[in-house]
Amino acid sequence: MSATGQKSLFPELPEASLQKGKIDTDRPGKEPVLVSLCFLGVPCRWHGRCAKRRDGLLDKLKEKYVLVPVCPEQLGGMPTPRTSETLRGGTGAQVLDEGWRLFAPETNEDVTDFHVKGSHVALEIARQVGAERAYLKGGSPSCDKDGITGEVLRRGGIHVVRVD
């Protein structure tokens with residue numbers, strides 16, 4: 001159980017590390033912040049290619065924060081490359097509250113659960129490291145501020161910033 005009474009997805013971490021802000025970093029005094037992994041130039045996007053690197057943004061963020069990169073789709077168990085589903089005008093809130101589903105156009109497979117699982121893992125990571133902010137890739141059915149992960153993080157008390 002974490003300090004907040006929630007069962008941890010990472011039970012192997014010592015109890016002290018579960019308390020907000022208690023994980024040691026190599027940059028003392030800086031708060032952690034989640035960032036989309038693809039901003040670092042890692043080819044983890046759906047098509048297996050890199051997103052536009054965000055060096056200016058990352059340099060600015062590194063002045064104030066310790067960067068904690070996440071890829072919710074990969075955290076949810078999806079491969080890279082993967083299918084190209086979109087929310088088709090919907091939102092993460094509609095997936096979570098109204099039963100909207102995400103279907104892979106290439107295979108017609110329902111991939112909603114991968115996105116939902118990955119968003120909850122991202123929130124758990126934010127809680128584990130004490131992150132209160134997240135800078136996420138706009139246009140993604142997961143990472144977008146209005147996507148599934150954006151919505152799960154916001155509901156978890158994380159301030160989410162969309163980066164296009």
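Which residue forms a salt bridge with Arg-82, and how far apart are the closest N and O atoms? In this predicted model, in which local features need pLDDT of at least 70, side-chain atom pairs count only at pLDDT 80 or more, and totals for chains, interfaces and linings use all residues, the partner of Arg-82 is Glu-73, with the closest N and O atoms 3.9 Å apart. Residues are numbered from 1 along each chain as its sequence is written, and side-chain values use heavy atoms, with hydrogens and water left out.

The protein chain contains 5 helices and 4 strands, where helices (H or I, at least four residues) and strands (E, at least two) are DSSP runs numbered from the N terminus. Along the sequence these elements follow the pattern β-α-β-α-α-α-β-α-β. Of the 164 residues in the protein chain, 45% are buried, a class defined by a relative accessible area under 20%, with exposed meaning over 50% and partly exposed in between (1.4 Å probe, protein chains only). The protein chain exposes about 8600 Å², of which carbon and sulfur atoms supply 52%; accessible areas come from the Shrake-Rupley method with a 1.4 Å probe, and for residues only the protein chains shown count as cover. Among contacts (heavy atoms within 4.5 Å) with a separation of 6 or more, 67% involve residues 24 or more positions apart.

Side chains of opposite charge can pair when their charged atoms come close. With a salt bridge defined as a side-chain nitrogen of Lys or Arg within 4 Å of a carboxyl oxygen of Asp or Glu, the count comes to 10. In the pair of Arg-82 and Glu-73, both residues are buried. A further salt bridge is formed by Asp-113 and Arg-101, whose closest N and O atoms are 3.4 Å apart. Because Asp-113 lies in helix α4 (residues 112-129) and Arg-101 in the loop between α3 (92-98) and α4, this pair ties together parts that are 12 residues apart in sequence. Asp-113 is exposed, at a relative accessible area of 54%, whereas Arg-101, at 38%, is partly exposed.

Arg-162 and Asp-144 likewise meet through their side chains in a salt bridge, at 2.9 Å from N to O. This pair links distant parts of the chain, 18 residues apart, with Arg-162 placed in strand β4 (residues 159-163) and Asp-144 in the loop between β3 (133-137) and α5 (148-155). Arg-162 is partly exposed, with a relative accessible area of 40%, while Asp-144 is buried at 7%.
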